[in-house]
Amino acid sequence: MTTTRSGDLLRRPRRHPTSHAPHRPSGILRALPYLIPALAVLVLFRVVPVFYSIYLSTNQVPDYGPSKLVGLTNYRVMLDDQTLHAALKNDLFLLLSFPLWIALPVLVAVLIHERIWGWRVFLAVFFIPAVLSPVVIGMYYTSLLSFNGPVNQTLTNLGLESLTRGWLVDLHTAFPVLLAVWLWSITGLGMLFFLNGLGNIDPAIWEAASIDGAGWWARMRYITVPLLRPVFEFWSIFVMILVFSGLFPLVNTLTNGGPGNKTMVADLYIYLTAFTGGRFSYASAIGVVLFGLVLVFVLVQLHLFRRGDRGT
Amino acid sequence: MSVIGRTRPESGGTGHIEPESPAPARTRRGGGRRRVRWTLIPAWFLLVLGAASMVLPVLFILLTSFRTPKDYARDPASVPREWTLDNVRQAWTVGHFNEYAVNSLWVVAVATLLVVVVSALAAFPLVFIPFRGSQAALTAVIALMILPASIMVVPTFKVVLQLQLQSTYTGLILVYVALSCPFGIYILSNSYRAIPLELMDAAYLDGASQFKAFVTIIIPLAAPSLRTLTVLTALSLWNELLFSLVIMQAPEMRTLTAGVALINSNPQLSGVDNTPVLAAALGLTSVLPFVLYLIFNSSISRGMTAGALK
């Protein structure tokens, strides 16, 4: 296909003087029947909730009887909510580990792309955590790291009994373990994105550079990394959204936020506030703020990247 | 740098999910590669370590779920000595995983089918029927794809309550369709875009109706994308926890993923060390993802990267 879509759309339908002139149907009325199923389900379960959450967050809605307007009370409560602050701080720390969540997938992807010995096996194996449910991953590491679990047992067998601990209930180790498990679980997916990006780079560019005498590091630094920029941008937005809204299944099964909120994260806190604490109104308010936060972050990141495009 | 950038600007292929496997190019590039090989040895060992840690869950589940709890308690890190099928049996009956499996299969099968049909329909006019607001509709689809539904779990749950669909298959299925179809519409519209408009013209010329042209021309040509979407949707919905927990609160309606997450709330299973039973439950939950992984490995990886936006 050489013609672009917009060109096709703008082109007028050709008129054939013979019978049956091809007529491309157009107009919203022709489009609507195809759109209605998607429209119905998306409006009902994706768009309405966004607006409904604003209503829920400013009203006390009892199970029976009329709801009562509470205004911005819920939003004010958030300012002093230590657990919420802990959750946001932990989310931020996960984001700040970006040297790790960028370097690890890139490293794996580059090595596989270089066809390191056994790359086919690595490609298949690094992909496993992306297929397993985060719930399975969380439960698996819970068993592995439990007090009588295999990790402590191995340490004992090696004579390192002093290192054994309840990894997921220890105030000092809980968050680092969560970070490690989280990195472990997303590296394979990141690798896929970067491999895809590497596959889109014309090998002739590397060839030309190495003929010019550029070594491996120079090619990496001046060719591979700059050309992978769209993938870096995509991956950082992806991880940002994941951190604020996709950690629930992993953390819920791993630590459920404990010990002492050391591993509390935002979406888990919304769930616990609403469905364990029964404070639906307050949970909605947190949801509204978080939704706004993610929206702003995405827009800012897109804007930064767009500006970067113009810069080069 | 910009000179190099221009030789192959903005290499496409983010959207299209047919071509380009993530496997690296076959040709090896010369120049300095011998030197690189030696420096790569430490990196290779790191990769082996990482890969071992990723095979370990599979081994753990396979080995632990078939050993007796006593044998596991003796030394969890050792090779099993006493084998048994009891853990699987326990998880299946006492843990109610037989019911959960039926729930999961039913919900995921119906929801996946609906996602594919609804997305295939909705992407069609976005690409083939010029109408006012089509660009805005596509933008809305992308926005819905990016903006997380999980943050909106409370109001979504309230909507489900209002419709009296809590703890029903219909409720969870509809929510799942709403979760997954923005991604479906996005990748299918990208794949439709590779189909020449002239094919549609030819069909119209033959007197085919619009819907007939859609079914007989677009659907067969988009079949690979539809298959990828099916596998990917089934996988992600099978693994979904949050909405399943929230909407299916009646114990007999739980899905497998929720059943595993709540396994410790079953007093009959939370013995002194229930890890072998838990491992069996994890294994039961992971059978389908693993089978999909073994069969559709490359189409899953292609589909996962197809959502990558510019």
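A word on conventions comes before the tour. Residues are numbered from 1 along each chain as its sequence is written, and chains are lettered from A and ligands numbered from 1 in the order in which they are written. Since the model is predicted, local features need pLDDT of at least 70 and side-chain atom pairs count only at pLDDT 80 or more, while totals for chains, interfaces and linings use all residues; side-chain values use heavy atoms, with hydrogens and water left out.

Let's begin with chain B as a whole. Its secondary structure comes to 14 helices and 0 strands, where helices (H or I, at least four residues) and strands (E, at least two) are DSSP runs numbered from the N terminus. Of the 310 residues in chain B, 53% are buried; here buried means under 20% relative accessible area, exposed means over 50%, and partly exposed is in between, with a 1.4 Å probe and protein chains only. Contact means heavy atoms within 4.5 Å, and among contacts in chain B between residues at least 6 apart in sequence, 75% join residues at least 24 apart.

Ala111(B) gives a local view of that chain. This residue sits in helix H5 (residues 97–128) of chain B and is buried, with a relative accessible area of 0%. Leaving aside residues up to four places away in sequence, Ala111(B) touches Ile173(B), Tyr176(B), Val177(B) and Leu237(B).

Now turn to the place where the chains meet. The contact draws on 109 residues from chain A and 115 residues from chain B. About 10300 Å² is buried between them, with carbon and sulfur atoms giving 73%; buried area is the accessible area (1.4 Å probe) that two parts lose on being put together, summed over both. Tyr34(A), Phe45(A) and Arg46(A) supply 9% of the area that chain A buries against chain B, more than any other three residues.

How many residue pairs are in polar contact across the interface of chain A and chain B? The rule finds 12, with both residues at pLDDT 80 or more. A polar contact is a pair of N or O atoms within 3.5 Å; within protein, one must be able to donate a hydrogen and the other to accept it, and residues adjacent in sequence count only if both atoms are side-chain atoms. The largest share of the side of chain A that touches chain B, 18 residues, comes from helix H2 (residues 28–58) of chain A.

Two residues show this interface from either side. Val41(A) lies in helix H2 of chain A and is buried, with a relative accessible area of 8%. Beyond residues up to four places away in sequence, Val41(A) touches Arg46(A) in its own chain, together with Leu174(B), Val177(B), Ala178(B) and Cys181(B). From chain B comes Asn239(B), in the loop between helix H11 (223–238) and helix H12 (242–247). At 9% relative accessibility Asn239(B) counts as buried, and a polar atom of its side chain lies 2.9 Å from the backbone oxygen of Val131(A). With residues up to four places away in sequence set aside, the residues that Asn239(B) touches include Leu132(A), Ser133(A) and Pro134(A).

Charge pairing is the last stop. A salt bridge is a side-chain nitrogen of Lys or Arg within 4 Å of a carboxyl oxygen of Asp or Glu. The whole structure holds 5 salt bridges over all chains, while the count between chain A and chain B is 0.

One of these pairs joins Glu233(A) to Arg229(A), the closest N and O atoms being 3.0 Å apart. Both residues lie in helix H13 of chain A, 4 residues apart, about one turn of the helix. An α-helix has 3.6 residues a turn, so residues three or four places apart point the same way. Glu233(A) is buried at 12% relative accessible area, whereas Arg229(A), at 27%, counts as partly exposed. As for the helix itself, 13 of the 17 residues of H13(A) are buried, so it is largely enclosed by the rest of the structure.

In chain B, the side chains of Arg67(B) and Asp71(B) meet in a salt bridge of 3.2 Å, N to O. Arg67(B) counts as buried at 2% relative accessibility, and Asp71(B) does at 1%. Salt bridges that share partners join Arg67(B), Asp71(B) and Arg74(B) into one network.
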